[in-house]
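Good morning. I will walk through one structure today, a few parts at a time. Please have the sequence and the 3D view open.

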There are 2 protein chains.
Amino acid sequence: LERATGWIDAHARGLAAEDVSLDDATGRILAVDVAAAIDVPPFDRASTDGYAVNAADTMGAGAYNPMIFRLIDASSTADPSAIGAGVAVRVAAGTPLPVGADAVVSGELAQETRDDLLEIIEGLAPMDNVERRATHIRAGAPLLAAGRALGPAEIGALASTGVTRIAVVRRPRLCLLHAGRDAGKAPLASSLALNADGPLLRALVTRDGGMVADHREIGSGRVAIREAIAAAAGADAILVTGGTGFGSNDEAAAALAETGELAMHGLALRPGGSVGIGRVGTTLVFLLPGAPASCLWTYELLAGRAVRRLGGREARLPYPVRSLMSARKIVSSIGFAQVCPVRRLGDDRVEPIASFDEAGLFAATMADGFVIVPEGSEGVPQGARVEVYLSVE
Amino acid sequence: LERATGWIDAHARGLAAEDVSLDDATGRILAVDVAAAIDVPPFDRASTDGYAVNAADTMGAGAYNPMIFRLIDASSTADPSAIGAGVAVRVAAGTPLPVGADAVVSGELAQETRDDLLEIIEGLAPMDNVERRATHIRAGAPLLAAGRALGPAEIGALASTGVTRIAVVRRPRLCLLHAGRDAGKAPLASSLALNADGPLLRALVTRDGGMVADHREIGSGRVAIREAIAAAAGADAILVTGGTGFGSNDEAAAALAETGELAMHGLALRPGGSVGIGRVGTTLVFLLPGAPASCLWTYELLAGRAVRRLGGREARLPYPVRSLMSARKIVSSIGFAQVCPVRRLGDDRVEPIASFDEAGLFAATMADGFVIVPEGSEGVPQGARVEVYLSVE
């Protein structure tokens with residue numbers, strides 16, 4: 001498994017950038033470091049609704065000594081001399097401080113009277129209720145680093161600095177090939193077997209930020225698989241499911257070896273030991289077993305790792321990890337890295353449930369999380385702490 | 001804040017169900033309990049590629065004593081008498097066990113010879129390499145409960161039981177109204193202010209499983225806001241941003257009070273104290289402050305809670321929570337529930353960073369998480385354990 005992930009990390013490099021509109025950037029991965037393009041706020045501005053004045057003019061104002069100001073329209077302040085002694089300008093929170101003003105009195109401490117006059121009942125200090133230019137962020141300051149996932153706050157912060165288009169990592173384009181069984185070989189199955197792998201893989205690829213550009217049923221013979229792989233080599237990665245003949249994945253593995261490079265075939269992994277990994281040119285190819293539980297875990301640990309890396313995301317399994325206590329022994333076969341489904345007992349403990357061998361893909365829906373017992377271990381003793389990948393928080 | 005969330009929980013009930021194709025169901029919320037429609041496997045089937053035989057016929061087989069079988073096509077087994085003594089049928093993993101067979105020998109322990117004969121070199125017990133019908137799940141057994149989020153494993157499990165369409169909770173339809181400033185009131189701002197709230201709210205609503213059905217700029221006057229709210233009352237919820245006149249959110253609040261019910265206006269919350277909550281008929285209306293950081297947190301704590309509940313999701317903030325140690329005192333104003341951005345120091349500690357007052361929305365992009373200090377507290381002392389909502393894992 002370690003050698004397989006090493007091979008993937010060496011061959012799945014982040015894809016190139018593409019420019020998208022900010023509206024389409026949610027959930028994407030930033031391709032470049034971004035600095036703030038402008039000061040925020042871009043000017044000294046009112047931080048409350050009220051009236052802009054010169055603070056010095058309010059000295060001595062109080063409830064029993066209101067100071068009277070002449071109230072003018074903000075548009076008059078195009079003339080810098082307009083806001084002189086004894087003049088107030090109506091402002092809303094967020095609007096620029098008029099030239100000549102250095103403070104804002106909030107609406108609650110002032111009273112408009114007839115004849116465009118304003119009474120102010122509290123003295124102000126300079127910059128009271130004023131947000132200084134660039135206090136949130138200064139133009140040129142680092143804003144977001146390449147590799148950052150663009151969530152709501154990042155999208156909002158970019159919009160705040162005037163960004164409307166942004167460079168993100170291109171989404172990996174996947175081709176899914178479902179190798180059927182040759183009609184001659186096993187006709188009984190064709191009408192009865194339900195293909196869960198297609199919906200399963202589409203959902204997994206979407207979760208990992210990839211897109212399924214092509215999704216086809218193909219024959220199971222070596223020639224059919226080889227030709228389908230060759231035809232799909234424009235994708236960033238190809239996932240072949242099923243198509244196993246006699247022996248594990250022989251036909252698919254042989255087909256890949258004939259078209260490109262079969263780097264690895266068969267891993268000490270349960271479920272999913274018959275997986276194959278390789279490439280055609282720069283296109284990565286994963287040969288996933290057809291049994292849904294095997295398909296799930298060879299995707300999660302291998303193909304998904306490649307999809308996540310191609311898309312500039314973190315390579316690790318996209319489940320939160322917690323160190324929890326094993327309430328019962330978790331049994332695993334020595335010689336195989338084994339994925340063991342567990343159920344949570346209260347906040348701090350887990351117990352094993354029916355394995356993927358016993359319950360197939362349903363082990364995943366019945367589990368609250370998974371323990372990956374390494375190849376050299378026979379399992380986890382009762383009472384031991386163990387890292388659990390939580391599928392349900 | 002508690003009273004506000006109580007009001008939301010009382011008025012934001014889960015929406016009705018709609019049927020969608022399984023391909024479109026990823027990330028949606030299941031509206032009904034689902035039981036398995038069929039047995040999985042639906043029949044006794046081969047668990048490996050190989051040859052189906054009657055186990056009794058292999059008794060005594062060994063490397064030095066191969067047993068010879070007559071190899072026939074699976075299609076011949078339409079006749080139940082076909083697999084009698086000394087007959088083997090080629091099967092692939094996952095295909096049904098032919099009538100009359102009770103075990104499968106794997107390809108490695110058998111050898112096809114000329115003349116359609118097969119040599120088997122190991123004895124089998126009944127059900128060797130056979131997966132019994134219904135061992136993964138039995139028809140009628142509970143599969144997924146209403147309220148379950150449909151991730152890849154759930155989609156795969158539903159597909160495994162033959163489901164192609166599924167009842168999910170309808171997505172909440174949101175209307176966003178950005179109340180501008182009246183040209184007469186504050187003309188200086190109109191050309192300079194960058195609207196971050198629109199992109200921010202679109203990303204938040206999408207994250208919470210809602211859809212923005214309508215998104216409009218409107219005037220800031222009471223009449224304009226009132227008419228826009230009335231026109232949008234077909235949505236499941238309306239988010240009004242900005243439109244504050246003198247006093248906090250007066251125009252929007254007054255407009256809502258005139259059209260429907262203004263249930264609450266002003267909360268002891270920082271940022272976001274000027275928020276308003278109410279409804280028009282059954283449509284929930286949230287009056288969110290225009291400052292982006294206030295818009296973010298009034299969405300997260302109030303409007304987003306409603307969106308999540310309408311869509312059948314968990315109401316709580318969608319951030320993982322960890323109990324971490326405060327490496328420095330986290331200061332908060334008594335009398336206000338305050339959202340304090342923090343940076344993580346190593347695995348177990350956090351320290352406060354520039355507040356939302358100081359850094360606006362950029363406090364959210366610079367933070368690794370948030371601490372919500374309750375109204376009655378002055379903050380968190382150095383060295384204390386505190387619940388941190390992690391925005392970056």
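Predicted model: local features only at pLDDT ≥ 70, side-chain atom pairs only at ≥ 80, totals over all residues.

Let me start with a pair of strands in chain A. Strand β4 of chain A, residues 50-53, pairs with β6(A) in the antiparallel sense, and three bridges hold that pairing. If you want one residue pair to find on screen, take A:Tyr51, whose bridge partner in β6(A) is A:Arg90.

Strand β5 of chain A, residues 67-72, runs parallel to β6(A), and three bridges join them. Here the pair to look for is A:Leu71 with A:Ala88 in β6(A). As a reminder, strands of a sheet pair through backbone hydrogen bonds, either parallel or antiparallel. How many of the five residues of β6(A) are buried? Four of them are, and the strand, residues 87-91 of chain A, is mostly covered.

Next, a sheet further along chain A. Six strands make up an open sheet with mixed pairing, and their order is β14-β13-β15-β19-β18-β16 (chain A). Which strands are at the edges? They are β14 (211-218) and β16 (261-265) of chain A, each of which pairs on one side only. On average, and with direction ignored, neighbouring strands in this sheet are turned by 20 degrees against each other.

At the β14 end, strand β13 of chain A, residues 173-179, runs parallel to β14(A), with seven bridges between them. One residue to check is A:Leu174, which has A:Val212 as its bridge partner in β14(A). Helix α1 of chain A, residues 2-11, lies across β16, β18 (276-280) and β19 (283-288) of chain A. The helix runs at about 20 degrees to β18(A).

Now let us zoom out to the whole of chain A. It has nine helices and 26 strands. Its radius of gyration is 32 Å, while the globule rule gives 21 Å for 393 residues, so chain A is more spread out than a compact globule. Along the principal axes, its C-alpha atoms fill a box of roughly 100 × 50 × 35 Å.

Of the 393 residues in chain A, 51% are buried. The chain exposes about 16000 Å², and carbon and sulfur atoms supply 50% of that area. As for contacts in chain A between residues at least 6 apart in sequence, 71% of them join residues at least 24 apart.

Over to chain B, and one helix there. Helix α4 of chain B, residues 197-207, is mostly covered, with eight of its 11 residues buried. Among them are B:Leu200, B:Leu201 and B:Leu204. What do the buried residues of α4(B) pack against? In chain B they meet β13 (173-179), β14 (211-218), β15 (237-242), β19 (283-288) and α7 (292-310), and they also pack against α2 (152-160) of chain A. After α4(B) comes B:Gly209, with a positive phi near 85 degrees.

On to the cysteines. There are zero disulfides over all chains.

Last, some backbone details. A cis peptide bond joins A:Val40 and A:Pro41, with omega about -10 degrees. A:Pro41 is in the loop between β2 (34-35) and β3 (45-46) of chain A. In chain B, the peptide bond from B:Arg270 to B:Pro271 is cis, with omega near -5 degrees. That proline, B:Pro271, is in the loop between β17 (269-270) and β18 (276-280) of chain B.

Then there are two residues that are not glycine but have a positive phi: A:Asn129, at about 60 degrees, and B:Met127, at about 75 degrees. Where are they? A:Asn129 is in the loop between β9 (117-120) and β10 (130-131) of chain A, and B:Met127 is in the loop between β9 (117-120) and β10 (130-131) of chain B. A:Asn129 is partly exposed, with a relative accessible area of 31%, and B:Met127 is partly exposed at 28%.

Key:
Residues numbered from 1 in each chain as written. Chains lettered and ligands numbered in written order. Heavy atoms only, no water. Pairing = 2+ DSSP bridges. Helix = DSSP H or I, 4+ residues; strand = E, 2+ residues; numbered from the N terminus. Axes fitted to C-alpha atoms, helices over the stretch in contact; angles between N-to-C directions. Contact = heavy atoms within 4.5 Å. Rg over C-alpha atoms; globule rule 2.2 N^0.38 Å. Buried < 20%, exposed > 50% of the residue type's maximum accessible area, 1.4 Å probe, protein only. Areas by Shrake-Rupley, 256 points an atom, 1.4 Å probe, with all protein chains shown as cover. Disulfide = S-S within 2.5 Å.
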